[in-house]
Amino acid sequence: MPAVADTRLAVSRADVDPDDGVYELNVALDLELPEDGVRAIEAGLTLRLAYETEIARVRRYLPDEGVATLVQSYELSYHALSQRYLLRNVNTGEQADYGTLQAALDRLAEVRGLPLLDASLLEPGSDYEFRVRAVLTLRTASDTLNWLLFWTDDWSATSEWYAWTHRR
Amino acid sequence: MDTPSLRRTASAAAIIGGGLLWLAAILFMAQTAQHSAQFSRLHPWILMINVAGLVVLVGLLATKLAQLVRDWRGHVIGSRLKARMVWTFGVLATLPILLVYFFAVQFLNKGIDSWFNVEMRQSLDDALVLSRSALETRMREHLAATELIADELAAVGGEPSGLLETLRREAGALEITVATDSGRIIVVSKGLSSEVVPDEVPGEVLLQVRQGRPFVSLEPQAAGGYLVRTAVPLGSAGDPRGRLVVQALYPVAERIAALADTLQATYQQFGEKDYLRRPLKASFILTLTVVLLLSLLAAWYGAIFTAQRLVQPIQDLVKGTRAVAKGDLDTRLPLTSHDEMGFLVHSFNDMTKRLRLAREDQQRAQQAAETERANLAIILARLSTGVVSLEPDLRVRTANRAAITILGDELDGCVGRDLGAVGVEDGLLGQFAEACRARIAAGDLEWREQFTFQAGTARRILMCACTPLPGEGEGEAPGGFVLVFDDITVMLQAQREAAWGEVARRLAHEIKNPLTPIRLSAERMRHKLLPSMNEKDALLLDRGTETIVQQVEAMKEMVNAFSEYARAPRFEMADVDLNLLVTEVTDLYRAQVAGRGVTLEVQLEPALRTLVADRGRLRQLLHNLLTNAVEALEGQPGGAITVATRLGYRNGEEVAQIAVEDNGPGFQRELIGQVFDPYVTTKPRGTGLGLAIVRKIVEEHRGHVEAENRTEGGARVSIELPLNEMTGAQAARREPRRPEPRRERA
């Protein structure tokens with residue numbers, strides 16, 4: 001059965017770079033699929049990886065104020081006819097293909113220069129907490145069989161939040 | 001609409017609504033098991049609804065079953081039939097459901113397994129290999145074309161842009177890129193249909209080309225369709241621009257791409273389903289289990305509901321029957337259906353209605369009969385005539401108050417007893433019962449006869465008539481007998497006394513008148529003739545006239561006695577001290593009886609109070625009794641007369657008792673019962689009126705008199721006079737009480 005819950009999944013590094021008035025997100029993921037996960041992908045299931053990013057203004061006496069939330073999703077699937085691994089950016093629809101699963105996973109585990117938010121949305125002099133985590137789920141290619149995954153145990157995995165503070 | 005109807009409507013609406021919801025949930029659940037992405041998303045919710053329905057059904061079923069068990073243990077009417085029906089319906093529903101479930105699970109397992117059998121997998125794999133082979137042939141052709149382009153470019157050298165375009169068109173490529181082995185693009189030739197921005201050379205392509213190996217791959221496109229990417233090295237290591245790479249992208253024909261997409265989709269779906277075979281089977285079996293469990297529980301609940309619906313009229317009927325058995329004929333059963341059970345309920349209601357009407361008729365008839373019976377009882381109670389009804393076997397059925405008064409109180413306890421066994425043999429009741437029983441036993445069912453009974457010291461004359469009661473059928477034995485009788489003793493006595501009174505009155509009138517002339521004539525004759533007659537004739541005349549005078553006097557006394565007897569009483573009621581009166585009268589006789597050697601003893605009751613009476617009549621009463629006693633003792637040595645007064649009670653009333661006893665010869669046995677009748681006497685010179693007058697005086701004072709012979713010898717006359725203060729006028733006006741018979745004992 002799918003066992004992505006056993007996936008080694010952790011955000012090893014993350015930061016933001018203000019580039020031309022836009023904060024861009026860089027994330028490095030420690031990602032290693034177990035054999036069940038690999039077999040599930042090769043059987044035709046789709047691996048979806050979502051980077052969930054939250055930005056909140058740190059306030060001293062009040063609860064932190066949410067500023068922005070971004071979910072960036074990718075889907076990794078195996079194309080049996082071409083024997084290629086397809087990596088699709090769900091947000092943009094862009095697709096790339098790789099000859100090996102590891103090449104696709106390496107690409108999946110690294111995000112560089114993902115536009116996060118406009119710098120003008122952050123108040124100068126304020127502290128902001130950025131945090132990011134990765135959510136890995138197995139899906140069927142079509143939605144019609146997704147309900148079956150309801151009956152499996154380990155069809156998703158979630159990393160711990162990786163958080164850091166940034167002063168504007 | 002009444003409350004039960006509302007409740008039934010609400011229940012029906014709830015059942016229909018719940019049933020539809022449940023059906024919809026099952027259908028949705030079935031849809032999720034098919035290929036609907038929309039229902040797939042709702043799958044957990046739909047499953048939750050079904051599970052909730054399952055829980056609700058289990059709860060309802062448990063409640064109903066618990067109620068059924070309680071009814072069974074409590075021996076509630078219809079619970080056993082209901083339980084049997086529920087069991088039968090439930091088993092009938094369960095068996096096919098279980099069979100269906102068993103075979104459905106088998107089919108599911110085998111059916112799903114059959115989808116992924118080896119042949120199917122092999123066929124798909126073969127199809128994939130075949131497709132790959134076909135595409136690889138095309139890819140190799142494209143690679144060869146790219147190698148030719150690379151050779152052409154290598155041969156020409158310099159900037160190949162013009163040649164590149166020509167070569168691209170000849171090869172049918174979408175795009176040809178010449179780049180360094182680090183990926184920097186030197187020149188690109190693109191067709192009009194391709195994107196403006198040239199596709200960069202992927203790293204893996206560069207890596208492989210740097211290793212001196214050509215690159216070819218089939219790449220699915222995000223927008224659909226396929227591209228064949230080929231890349232070969234260009235030039236030699238001595239090229240000043242470094243090692244170059246020629247990358248060419250070739251399109252795949254739409255028809256082939258579509259076939260490839262179909263195959264890829266089929267292969268992927270097959271792979272997914274094969275991979276998810278176990279959860280697929282588990283979910284199908286779970287869906288089937290939930291649906292069948294719902295169906296099973298619904299079937300059981302339906303069995304209970306149906307059984308309840310079927311048993312309810314029976315329960316109503318049993319309750320109604322019990323209510324009718326207890327007499328509640330107002331019971332109406334609700335008509336819940338128009339089938340055979342409804343017909344039965346309707347018949348029951350019709351029956352109770354008829355029974356109620358019949359009972360009302362019967363109650364009216366019974367009430368009328370009771371009224372008649374009460375009237376008859378009142379009439380019988382008021383009758384002075386005795387009425388005794390007998391059963392056909394001569395057992396006493398009823399006796400009215402007059403019968404008890406006439407025959408004695410012991411008749412009151414004889415109801416139900418045989419007529420021949422009631423009363424003592426010499427008692428009035430015994431003699432009466434025996435006389436009647438003998439007549440009826442002799443076959444004489446309807447008769448009328450005057451009986452004379454000697455009950456103790458009293459002689460009683462009863463006029464009795466017997467009438468048979470009608471039997472149950474014509475010609476059947478009588479249903480009993482009615483004895484109607486009256487005590488005519490007093491009436492006959494009164495008739496006799498009236499007759500004797502008339503005789504006395506006539507005697508007094510017819511005889512008394514000539515007695516005076518006779519006496520005067522005899523005395524004149526003696527006075528005129530005696531001095532002139534010789535001694536012998538004078539003596540004869542003297543004796544003759546003396547005899548006439550004496551006889552005339554005797555006749556005069558007798559006529560006076562008759563006159564006294566016949567005379568209508570004129571009461572002079574006053575308080576009378578009976579002891580004083582007795583003393584006065586007896587004192588008159590003391591000297592007379594002493595001369596005859598007779599003792600006269602007087603015993604007086606000191607506590608006796610005065611009574612209201614006619615002193616003169618009572619004085620005459622005492623004279624008559626004492627005269628009788630003295631005359632009875634005439635010539636008898638040692639004669640003794642006792643006069644006693646006592647205080648007593650009779651019928652709850654205080655009475656003064658007077659008893660005059662002697663030790664003479666007593667009454668003659670053959671005259672017992674007639675000593676108080678006029679002209680009944682054993683004395684040669686008696687008129688026979690003494691005791692008759694005594695009885696008359698006693699009756700005038702509403703008293704009671706008895707005459708009997710003492711066991712130690714002699715006669716005793718006992719008199720009881722009421723001690724009330726009734727005046728004479730009141731006594732005269734008083735409604736005549738049934739006269740009590742005189743009691744005379746030998």
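In helix α6 of chain B (residues 203-210), the residues B:V205, B:L206 and B:V209 are buried; a residue gets that label if 20 or more other C-beta atoms lie within 10 Å of its own, is exposed if 12 or fewer do, and is partly exposed in between, with C-beta atoms placed from the backbone. Helices here are DSSP runs of H or I of at least four residues, strands are E runs of at least two, and both are numbered from the N terminus. Looking down the axis of α6(B), its buried residues fall within an arc of 95 degrees, so they line one face of the helix; the arc is that of the directions from the helix axis to the C-beta atoms. An α-helix has 3.6 residues a turn, so residues three or four places apart point the same way. On the other side of α6(B), B:G203 and B:L207 are exposed. Just after α6(B) comes B:G212, with a positive phi of about 85 degrees.

All of this comes from a predicted model, where local features need pLDDT of at least 70, side-chain atom pairs count only at pLDDT 80 or more, and totals for chains, interfaces and linings use all residues. Residues are numbered from 1 along each chain as its sequence is written, while chains are lettered from A and ligands numbered from 1 in the order in which they are written. The predictor gives the complex an ipTM of 0.82 and a pTM of 0.51. Chain B has a mean pLDDT of 82, and 90% of its residues reach 70 or more; pLDDT is the predictor's confidence in each residue, from 0 to 100. Over residues 727-739 of chain B, though, the pLDDT is below 50, and this stretch has 11 contacts in the model beyond near neighbours in sequence. Two residues are in contact if their C-beta atoms, placed from the backbone, lie within 7 Å.

The buried residues of α11(B) include B:L428, B:F432, B:C436 and B:I440. After α11(B) comes B:G443, whose phi is positive, near 95 degrees. In helix α5 of chain B (residues 161-171) sits B:E170, which is exposed because 12 other C-beta atoms lie within 10 Å. The C-alpha atoms of B:E170 and B:A145 are separated by 9.3 Å, although these residues are 25 apart along the chain.

Most residues other than glycine have a negative phi. B:L394 is not a glycine but has a positive phi of about 70 degrees, and its place is in the loop between β6 (386-390) and β7 (396-399) of chain B. With 19 other C-beta atoms within 10 Å, B:L394 is partly exposed. B:R702, also not a glycine, has a positive phi of about 55 degrees and lies in the loop between α16 (690-700) and β16 (704-709) of chain B. B:R702 counts as partly exposed too, with 19 C-beta neighbours inside 10 Å.

Chain A has 2 helices and 10 strands, running β-β-α-β-β-β-β-α-β-β-β-β from the N terminus on. Of its 168 residues, 36% count as buried. Among the contacts in chain A with a separation of 6 or more, 67% come from residues 24 or more positions apart.

In chain A, 3 strands form an open antiparallel sheet in the order β1-β2-β7; two strands pair if DSSP finds at least two bridges between them. Strands β1 (8-19) and β7 (110-118) stand at the edges with a single partner strand each, so one side of each is left without a neighbour in the sheet. Neighbouring strands of this sheet are turned by 25 degrees against each other on average, direction ignored; axes are lines fitted to C-alpha atoms, for helices over the stretch in contact, and angles run from 0 to 180 degrees between N-to-C directions. β1(A) and β2(A) (residues 22-32) run antiparallel, joined by 11 bridges, and A:D19 stands opposite A:V22 in β2(A).
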